[in-house]
Amino acid sequence: MKQKIFLVGLMGAGKSTVGRQLARRLRVDFYDSDRLIVERTGVPIATIFDIEGEDGFRERETQVLQELSTYQGCVIATGGGSLIRPENREIIKNSGCVVYLRASAEKLYSRIKHDKARPLMQTENPLQTLRDLLAVREPAYLDTADIVIRTGHEKVSVVMHRIEKALRRERRNANINR
């Protein structure tokens with residue numbers, strides 16, 4: 001198994017929540033790429049979008065992912081749009097095990113509908129926005145992922161168990177292919 005685990009998926013998939021607990025269980029560090037950007041800029045992501053636009057934010061995201069790709073033995077939650085850029089897909093694919101937390105747009109919406117801190121959700125029809133984002137981004141998630149974990153109404157502990165089981169399978173396959 002690769003030493004780093006990158007969690008990818010659309011906003012609301014549980015990357016940060018699952019990532020924190022998975023890192024704790026594996027006794028490794030946890031990093032959230034969006035949180036690092038906020039800490040370094042001192043402003044919320046929505047403010048970065050307002051001032052620099054999405055392109056400015058995506059550039060910052062690429063810089064943070066390049067840095068995180070050099071870390072060893074950790075779990076990293078990526079931003080929901082981080083795989084839009086092909087260079088980000090290459091960065092994470094080449095430096096860790098990529099786990100896609102997959103959920104329907106309806107499930108994602110139920111999780112984030114009250115969160116006003118998500119700039120891409122400030123639309124007339126946020127559910128349709130999520131459907132559209134999922135249609136555009138899911139091919140990149142699926143193409144980049146080593147492991148796909150369906151998330152729905154399960155508790156975090158169930159999702160973590162599925163990830164751990166898939167990681168063990170990945171490790172066994174890596175040993176067989178040596």
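**Core, strands and helices**

Guide: Of the 48 residues in the largest nonpolar core, the ones that touch the most other members are Ile92, Val99, Leu101, Ile149 and Ile163. Such a core is a set of buried Ala, Val, Leu, Ile, Met, Phe, Trp, Tyr and Cys residues joined through side-chain atoms within 4.5 Å, where buried means under 20% relative accessible area, exposed over 50% and partly exposed in between, with a 1.4 Å probe and protein chains only. Helix H3 (residues 45-68) gives the largest share of this core, seven residues; helices (H or I, at least four residues) and strands (E, at least two) are DSSP runs, numbered from the N terminus.

Visitor: What kind of model is this, and how are residues numbered?

Guide: This is a predicted model, in which local features need pLDDT of at least 70 and side-chain atom pairs count only at pLDDT 80 or more, while totals for chains, interfaces and linings use all residues. Residues are numbered from 1 along each chain as its sequence is written, and side-chain values use heavy atoms, with hydrogens and water left out.

Visitor: Back to Ile149, what is it in contact with?

Guide: Leaving aside neighbours within four places in sequence, Ile149 is in contact (heavy atoms within 4.5 Å) with Val99, Tyr100, Leu101, Arg102, Val159, Arg162, Ile163 and Ala166.

Visitor: Now strands: which way do the residues of E3 point?

Guide: In E3 (residues 74-77), Cys74 and Ile76 point one way and Val75 and Ala77 the other, and all are buried. Four bridges join E3 to E1 (residues 4-8), running parallel, and four bridges also join E3 to E2 (residues 29-32), again running parallel; two strands pair if DSSP finds at least two bridges between them. Ala77 stands opposite Leu7 and also opposite Asp32.

Visitor: And how do H5 and H6 pack?

Guide: H5 (residues 105-112) and H6 (residues 126-144) pack at an angle of about 130°, with their axes 9 Å apart; the axes are lines fitted to C-alpha atoms over the stretch in contact, and angles run from 0 to 180 degrees between N-to-C directions. That makes H5 oblique to H6, since angles under 35 degrees count as roughly parallel, over 145 as roughly antiparallel, 65 to 115 as roughly perpendicular and the rest as oblique.

Visitor: Last one, where is Arg27, and is it buried or exposed?

Guide: Arg27 is found in the loop between helix H1 (15-26) and E2, and it is exposed, with a relative accessible area of 77%. Phi of Arg27 is near 60°, a positive value in a residue other than glycine.
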